[in-house]
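Hi,

Here is the structure I promised to pass on.

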Amino acid sequence: ARYSATYGWSEPVLPPRRFVLRHMNASTQILGMSPTAHVLVSVGLLATALAAVFALAGPAAISEALSQVKLSTVILIAVLLAAGVRLSSIRRKVMGADLGYMLRLRDAGMVLTVGQIIGSLLFQFVGQLIGRTMVLASRGIPPAASVVLFGYERLFALLVSLGLAAGGVIY
């Protein structure tokens, strides 16, 4: 119970359902999977992929290929990929805030990730739009606003591309 000088003592208020859903992952929200099932599916798919690679290439070929990879190169690639994801998440967060929708950095990252995954499964443009709309709708942002955010981002991507192309022509 809380005390307010205006209203006196009040009953405790439960968080709205939308708040509770915010802390669940996408597979739980969209597919209705439990966290245990999510882990089992992920581990099963990884094991299947590794088994297929070993069956097709053989241990000797995999060992030889891995010996040619430098650890510094792997670390540099991982750092650059992580930086790209972070910058993309910040971009989505800033664009959402510009239109009046406050996204946490974690939510912006999830929008990016789900958009990329569904974009890989479907046509890139449509898949990204569907994936982003699903995630943003679970965060209380209407589908129309998701489309506007997507268009806003595409417009700026076009402007940056044109600027880089103009710079290349001038150079």
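Of the 171 residues in the chain, 22% are buried (under 20% relative accessible area; over 50% is exposed and anything in between is partly exposed, with a 1.4 Å probe and protein chains only). The accessible surface of the chain is about 12200 Å², and 73% of that belongs to carbon and sulfur atoms; these areas come from the Shrake-Rupley method with a 1.4 Å probe, and for residues only the protein chains shown count as cover.

Please keep in mind that this is a predicted model, where local features need pLDDT of at least 70 and side-chain atom pairs count only at pLDDT 80 or more, while totals for chains, interfaces and linings use all residues. Residues are numbered from 1 along each chain as its sequence is written, and side-chain values use heavy atoms, with hydrogens and water left out.

On confidence: pLDDT is the predictor's confidence in each residue, from 0 to 100. The chain averages 80, and 81% of the residues score at least 70. Helix H1 (residues 17-22) has the lowest mean pLDDT among the elements, 43, while H5 has the highest, 91. Over residues 12-23 the pLDDT stays under 50, and the model has twelve contacts beyond four places in sequence for them (a contact means heavy atoms within 4.5 Å). Where pLDDT is low, the predicted coordinates should not be read in detail.

Now the overall layout. The chain has eight helices and two strands, in the order β-β-α-α-α-α-α-α-α-α along the sequence. Helices here are DSSP runs (H or I, at least four residues), as are strands (E, at least two), numbered from the N terminus. Of the contacts with a separation of 6 or more, 41% are between residues 24 or more positions apart.

Gly58 follows H3 and has a positive phi, near 90°.

With 15 residues, H7 reaches 21 Å from its first C-alpha to its last, close to the 21 Å expected. The residue after H7 is Gly140, again with a positive phi near 90°. The buried residues of H7 are Gly127, Gln128, Gly131, Arg132, Thr133, Val135, Leu136 and Ser138.

Which of these would I click on? Arg132 lies in H7 and counts as buried because its relative accessibility is 5%. Not counting residues up to four places away in sequence, Arg132 touches Arg92, Val111, Gly115, Ser146, Phe150, Glu153 and Arg154. Ile130, also in H7, is partly exposed at 36%, and its C-alpha is 8.3 Å from that of Gly119, eleven residues away along the chain.

Next, the core. The largest nonpolar core has eleven residues: Met95, Leu103, Met110, Val111, Val114, Ile118, Val135, Leu136, Ile141, Ala145 and Leu149. By that I mean a set of buried Ala, Val, Leu, Ile, Met, Phe, Trp, Tyr and Cys residues joined through side-chain atoms within 4.5 Å. Helices H6 (105-121), H7 (124-138) and H8 (143-170) each give two or more residues to this core, and H6 gives the most, with four. Leu149 touches Met95, Gly96, Leu99 and Leu136, leaving aside residues up to four places away in sequence.

Finally, the aromatics. A search of the whole structure finds two aromatic pairs. Rings of Phe, Tyr and Trp (its six-membered ring) pair if their centres lie within 6.5 Å; planes under 30 degrees apart count as stacked, over 60 as edge-to-face and the rest as tilted. Phe125 and Phe150 are edge-to-face, at 4.9 Å centre to centre with 65° between the planes. Phe125 is in H7 and Phe150 in H8, so this pair ties together parts 25 residues apart in sequence. Phe125 counts as exposed, at 51% relative accessibility, whereas Phe150 counts as buried, at 4%.

The rings of Tyr152 and Phe156 are also edge-to-face, because their centres are 5.2 Å apart and their planes are at 70°. Tyr152 and Phe156 are four residues apart in H8, which means about one helical turn between them. Phe156 is partly exposed, at 37%.

Cheers

Conventions. Expected span 1.5 Å × (residues − 1).
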